[in-house]
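Here's a short tour of a protein model, written to be read with the viewer open.

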Amino acid sequence: MTTPITGGLLLERVEFTDDLVPATLPVGTSSTHRVLLRTCVPANPGDRLDVTARAQITNDTGKVIGVGCHLWVYDVDIEPVVPVSQRPWTRIAPHLADNCPPDRHHMPLHMGAWWTVPDDWPPGHRVMVAFQAAAFRTTPLPGETVRVDDGYGQLVIRRYVPAPPA
């Protein structure tokens, strides 16, 4: 459900990272996703996050490889502490995917999202934003990977808060 903006918004903070996590993506037949970039920002119900993410892969396999990417969020401050893999993750942008044939070789991954922190979000809890990608083809070879290119990734989160009444 989309919450309408009833008043103005103020840019409260900008968080960013260019620290790519993996050096490669394994090529699988389905969801072998890996977090490429992640960073967190404090949040309160009704805040709006404007997220942009980018990275680049290189396909040296000699085969057509599909690569998909997506943006997710989760609560960093869940109590009692729950392992990250068992926390509720919320996808905040539709999956995007494209094929990277050998003659293309390099493929940029880019996406963005505008997400409203839900009303049931615990005030002050931090939102972790994660940019994930997956590489796939119908008959992958054991150990087949595509490279995640160092120096081409960035995740930017702009946190907007409701403006006080005039």
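## Ground rules and a first charge pair

A salt bridge here is a side-chain nitrogen of Lys or Arg within 4 Å of a carboxyl oxygen of Asp or Glu. By that rule, Glu12 pairs with Arg13, with the closest N and O atoms 3.3 Å apart. Glu12 is partly exposed at 38% relative accessible area, and Arg13 is partly exposed too, at 29%. For these labels, buried means under 20% relative accessible area, exposed means over 50%, and partly exposed is in between (1.4 Å probe, protein chains only).

Some housekeeping: this is a predicted model, so local features need pLDDT of at least 70 and side-chain atom pairs count only at pLDDT 80 or more, while totals for chains, interfaces and linings use all residues. Residues are numbered from 1 along each chain as its sequence is written, and side-chain values use heavy atoms, with hydrogens and water left out.

## The overall build

The protein chain has 11 strands and zero helices. Helices (H or I, at least four residues) and strands (E, at least two) are DSSP runs, numbered from the N terminus. The C-alpha atoms fill a box of roughly 60 × 35 × 30 Å along the principal axes.

Of the 166 residues in the protein chain, 42% are buried. Take the contacts (heavy atoms within 4.5 Å) between residues at least 6 apart in sequence: 83% of them join residues at least 24 apart. The chain exposes about 8900 Å², with carbon and sulfur atoms supplying 55% of that area. Accessible areas come from the Shrake-Rupley method with a 1.4 Å probe, and for residues, only the protein chains shown count as cover.

## Salt bridges across the sequence

Side chains of opposite charge can pair when their charged atoms come close. How many salt bridges does a search of the whole structure find? The count is 10. One of them joins Arg159 to Asp47, with the closest N and O atoms 2.7 Å apart. Arg159 lies in strand E11 (residues 154-162) and Asp47 in the loop between strand E3 (34-42) and strand E4 (48-58), so this pair ties together parts that are 112 residues apart in sequence. Are the two partners buried or exposed? Arg159 is buried, at 7% relative accessible area, and Asp47 is buried as well, at 2%.

Arg147 and Asp60 also meet through their side chains, at 3.3 Å from N to O. Arg147 sits in strand E10 (residues 145-148) and Asp60 in the loop between E4 and E5, so the pair links parts that are 87 residues apart in sequence. Arg147 is partly exposed at 38%, whereas Asp60 is exposed at 52%.

## What surrounds Asp47

Leaving out residues up to four places away in sequence, Asp47 touches Trp115, Thr116, Val117, Arg159, Tyr160, Val161 and Pro162.

Rolling a probe the size of a water molecule over the atoms shows where empty space is left. The second largest pocket has a volume of about 170 Å³. On a 1 Å grid over the protein atoms alone, a pocket is an open set of points where a 1.4 Å probe fits, with protein on both sides within 12 Å along at least five of seven lines; lining residues have an atom within 4 Å of a point. Grid points are joined across faces, edges and corners, and the volume is the space filled by probe spheres set on the points.

The lining is made up of Val73, Tyr74, Asp75, Ile78, Pro88, Thr90, Trp115, Pro118, Asp120, Trp121 and Pro122. Strand E5 (residues 65-75) gives the largest share, three residues.

## Two exposed spots

Ala23 is in the loop between strand E1 (9-17) and strand E2 (24-28), and is exposed at 54% relative accessible area. Beyond its neighbours within four places in sequence, Ala23 is in contact with Val146, Arg147 and Val148.

Phe16, in strand E1, is exposed at 55%. Together with Leu11 and Val14, Phe16 forms a nonpolar surface patch with about 300 Å² of accessible area. Patch residues have over 30% relative accessible area and no salt bridge, and nonpolar side chains (Val, Leu, Ile, Met, Phe, Trp, Tyr) are joined within 5 Å.

Definitions and conventions. Patches are made of residues with over 30% relative accessible area and no salt bridge: like charges are joined within 9 Å, nonpolar side chains (Val, Leu, Ile, Met, Phe, Trp, Tyr) within 5 Å.
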